[in-house]
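Please find below a colleague's note on the model under review.

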Amino acid sequence: MYVDEIRAYTPQNEQEAADQRLILEYIRLFPDNILTRDNEIAHLSSSGFVVNADGTRVLMAHHNIYRVWAWTGGHADGEGDLLSVALREAREETGLVYVAPVFPELFSLETLWVEGHEKRGKYVPCHLHLNVTY
């Protein structure tokens with residue numbers, strides 16, 4: 001289960017330790033909707049750091065809202081298997097057919113601030129993405 005995976009993760013630095021505490025606290029506070037966008041304060045997202053087979057190249061995607069290059073990822077949308085979410089998002093955002101994890105464990109944790117923006121004609125208020133990266 002995603003909570004156990006996040007809890008078992010060993011933070012690599014002070015930022016990850018702080019974000020791990022925050023992510024676990026939000027999961028505790030919002031167990032019913034932390035996996036969905038219905039939670040307008042914070043919700044889980046999952047990303048994949050996509051590399052080629054020998055690890056010499058990284059594939060980035062252009063983020064249209066923020067106009068920056070970033071690793072692939074997106075909302076859990078109710079899915080508790082966050083590795084599956086990361087793989088799905090990598091396929092959707094890159095067009096790749098074959099995507100497999102280098103290793104199935106978490107690579108990093110981060111809390112990402114999302115500024116308010118308009119999406120498909122509707123305003124989305126600022127919120128947090130409680131992100132796990134594979």
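The points below concern the pockets and the nonpolar core.

1. The coordinates are those of a predicted model. The remarks that follow should be read on that basis.

2. The largest pocket has a volume of about 1200 Å³. Its lining comprises 36 residues, and those closest to the pocket centre are His63, Ile65, His75, Lys119 and His129. Strand 6 (residues 72-75) contributes the largest share of this lining, namely four residues. By residue class, the lining of the largest pocket consists of 15 polar, twelve nonpolar and nine charged residues.

3. The second largest pocket has a volume of about 480 Å³. It is lined by 22 residues, with Phe49, Val50, Val51, Ala100 and Val102 nearest its centre. Here the lining divides into 19 nonpolar, two polar and one charged. Strand 2 (50-51), strand 3 (58-59) and helix 3 (82-94) each provide at least two lining residues, and the largest share, four residues, is from helix 3.

4. The largest nonpolar core has 26 residues, and those with the most contacts inside this core are Tyr2, Ile6, Ile27, Ile34, Leu44, Leu82 and Leu130. Two or more core residues come from each of helix 1 (2-8), helix 2 (14-29), strand 1 (42-48), helix 3 and strand 10 (127-133). Helix 3 gives the most, with six residues. In soluble globular proteins, nonpolar side chains tend to be buried together.

5. Which residues does Tyr2 touch, leaving aside those up to four places away in sequence? They are Ile27, Ile34, Leu35, Leu44, Gly80 and Leu82.

How values were computed. Residues numbered from 1 in each chain as written. Predicted model: local features only at pLDDT ≥ 70, side-chain atom pairs only at ≥ 80, totals over all residues. Heavy atoms only, no water. 1 Å grid on protein atoms, 1.4 Å probe; cavity = no way out; pocket = protein on both sides within 12 Å on 5 of 7 lines; lining within 4 Å. Points joined across faces, edges and corners; volume = space filled by probe spheres on them. Nonpolar A, V, L, I, M, F, W, Y, C, P; charged D, E, K, R; others polar. Core = buried A, V, L, I, M, F, W, Y, C linked by side-chain atoms within 4.5 Å. Buried < 20%, exposed > 50% of the residue type's maximum accessible area, 1.4 Å probe, protein only. Contact = heavy atoms within 4.5 Å.
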